[in-house]
Amino acid sequence: MPEIVTSVPLLALTAALAYLLGSVPFGIVMARVFGLGDLRKIGSGNIGATNVLRTGNKLAAFLTLVLDAGKAGIAVLIARALVGEDAAQLAGLAAFVGHLFPIFLGFKGGKGVATFLGTLLALAWPVGLAACGLWLLTALITRISSLSALVAAVLSPLAAWALGHGDMVALMALLAVVILERHKANISRILSGAEPKIGKKS
């Protein structure tokens, strides 16, 4: 019983720190560093790498992608090293929530795709690579970033199960449901044929 009592505050601290890390809006940061203006007033208004790419600055978009994925990955790896596997999954979830509802932007954040992929890569790199491969394959075929994200998210629980990481299935399913919800407008545009292609400038 003492071990359980001790672990609860530790897990809560892990979640809080991971949330704060996930809340760092690297899309906004990169847009300012590269002099691109307020990202929330460009294109879709989203703070992620796809919207940064709409400015035409590929380096800024790439750095946003890496940093948004990396913040979740770092949170997971540190939590695993210092606390354990349960804390690692919790940290991934908290970082993901932080990106969606960042305290630094009045809880109005992005759609979480890069952060989702970073979480997967850190928790189990084969699953993460499978999700990235699904994203890339769909993007090459359709050139629609949102559809690529949806395919990767929806199939990630199956990939986790198939690759022997059944302990991740519940978390992956939860994140996939959230990503679907965050992409409702995109889904409507995909169905109507109005969703913009990757790299289309605002």
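1. Ser 148 sits in helix 8 (helices are DSSP runs of H or I, at least four residues, numbered from the N terminus). Ser 148 counts as buried because its relative accessibility is 0% (buried means under 20% relative accessible area, with a 1.4 Å probe and protein chains only).

2. A word on the basis: this is a predicted model, where local features need pLDDT of at least 70, side-chain atom pairs count only at pLDDT 80 or more, and totals for chains, interfaces and linings use all residues. Residues are numbered from 1 along each chain as its sequence is written, and side-chain values use heavy atoms, leaving out hydrogens and water.

3. Next, the helix pair. The axes of helix 6 (residues 113-123) and helix 9 (residues 169-182) come within 11 Å and cross at roughly 170° (axes are lines fitted to C-alpha atoms over the stretch in contact, with angles from 0 to 180 degrees between N-to-C directions). The two helices are therefore roughly antiparallel (angles over 145 degrees).

4. In that pairing, Phe 116, Leu 120 and Leu 123 of helix 6 meet Leu 171, Met 172, Leu 175 and Ile 179 of helix 9. By class, the contact has seven nonpolar, no polar and no charged residues.

Key. Parallel < 35°, antiparallel > 145°, perpendicular 65-115°, else oblique. Contact = heavy atoms within 4.5 Å. Nonpolar A, V, L, I, M, F, W, Y, C, P; charged D, E, K, R; others polar. Buried < 20%, exposed > 50% of the residue type's maximum accessible area, 1.4 Å probe, protein only.
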